[in-house]
Amino acid sequence: MRIAMIGSGYVGLVSGACLADFGHDVTCIDKDAAKIEALKQNQIPIFEPGLEALVASNVRAGRLSFTTEFEGPVAAADVVFIAVGTPSRRGDGHADLSYVYAAAREIALAVKGFTVVVTKSTVPVGTGDEVERVIREANPDADVAVVSNPEFLREGAAIADFKRPDRIVVGLDGDRGKEAMSEVYRPLYLNQAPILFTSRRSSELIKYAANAFLAMKITFINEMADLCESVGADVQAVSRGIGLDNRIGSKFLHAGPGYGGSCFPKDTIALVKTAQDQGTPLRLIETTVSINDQRKRAMARKVIQASGGEIRGKKVAILGLTFKPNTDDMREAPSLSIIQALQDAGARVSAFDPEGMEPARQLLGGVDYASDAYDAAQDADVLVIVTEWDVFRALDLKRLKAAMKSPLMVDLRNIYRRDDVVREGFRYVSIGRPGDD
Ligand code: NAD
């Protein structure tokens, strides 16, 4: 199949490279000329494990190319994917669909012959209808089937997720496009990934419902962690005890500083807005959003409390800035709110992250960026683990203690065992576990 992938970000680039690896002929298009120029030099603009090698091998095989031009690749394509961003619209929290509609207009002008246009971006229910309208308005002769095919990959494990998904969801109204979509994903049937064909609106909603449910699950265990702290229970035991129930499942039950990232925060808010507009509000998700918002600054208060209630003039070392490990993505990372709240309270902040330092610099002022965990901890009054990168799981605690002014660790990801840390002479505070100071 000939495929054009519009938008070469986390989703477009990974999807494009994986589809090329399946044997399709893929052109990744982006309007960001610097990004395309870098990709042509085999420089990957994002950090995603395995992506550089996957891109390089498919470029070498002649199945993957990059351009800023729509015309040729879209005209030649059997299937055109839209994988542009759908951030929160400034001011009201609805999904900003301007990039999707701009891409649809460009597709309309370039398309030749019957073409399947697939929305891979996360878009609110009904967007497929509008994409179809935009295309027909720009080019009444365009012969297209507009299909929804939301993406469920996780940053940090994106290639494995794309190649071995739990399911593939394809939403179409009518049968046109079904054959092409089956052909696009044919290599995955061999891996027995279930493909769910449904209506376009159901497909669009499945993506939001999935993200909202996962955000709610995280928020549930976070609140349970707070209760554990009050009653002297251990959230990790509670999590394991409920997660072993197959009806509940153990994933997304790790207490932490609140969810962040490029998807959950914006998608939960966009779903809430859609539901309110329809007069069928989703109270559970509204509450999830509000609990999670408050939790991030509450984590800063936890650090201040652990430091004796006063942080002004003290140095806080932050380990981990990205919203989760194995990505350089800083979008809506809990570290942003936590650091801001600590700075508001007068703390000096040093920080280290294996991949997020460059993007963090654009977003966080007044932070002393360190060369590693020990450098960050130098003369610090308190060390805070915000993101559970593997390199932070086995820190040399003796070296850390020697570097710090006072040995206090606040572990917002529960990656250490209290006894191990306390034995080295630290005071240790974690999330929802008994024995904290
Ligand atoms: P991103 O910001 O990393 O990439 C979007 C890319 O689209 C950018 O490179 C931008 O330059 C390009 N672009 C914007 N308008 C364009 C246009 N008109 N023509 C060509 N290129 C254009 O975003 P992302 O994280 O890849 O997310 C893309 C979509 O996928 C979003 O809707 C998101 O919600 C969804 N999604 C993301 C993830 C994730 O983990 N990042 C997972 C599942 C779904």
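Trainee: What makes S5 and S6 a pair?
Mentor: Strands pair if DSSP finds at least two bridges between them. Here 5 bridges join strand S5 (residues 115-119) to S6, and the two run parallel. From S5 the chain crosses through helix H6 (residues 127-138) to S6, a right-handed β-α-β crossover. Right-handed means that, with the strands pointing away from the viewer, the path from the first strand over the helix to the second runs clockwise. Helices (H or I, at least four residues) and strands (E, at least two) are DSSP runs, numbered from the N terminus.

Mentor: Before going on, this is a predicted model: local features need pLDDT of at least 70, side-chain atom pairs count only at pLDDT 80 or more, and totals for chains, interfaces and linings use all residues. Residues are numbered from 1 along each chain as its sequence is written.

Trainee: Why is Gly174 called exposed?
Mentor: A residue is exposed if 12 or fewer other C-beta atoms, placed from the backbone, lie within 10 Å of its own, buried at 20 or more, and partly exposed in between. Gly174 has 9 such neighbours, so it counts as exposed. Gly174 sits in the loop between strand S7 (168-171) and helix H8 (178-184).

Trainee: How is strand S6 (residues 144-148) covered?
Mentor: 5 of its 5 residues are buried. Val144, Val146 and Ser148 point one way, Ala145 and Val147 the other.
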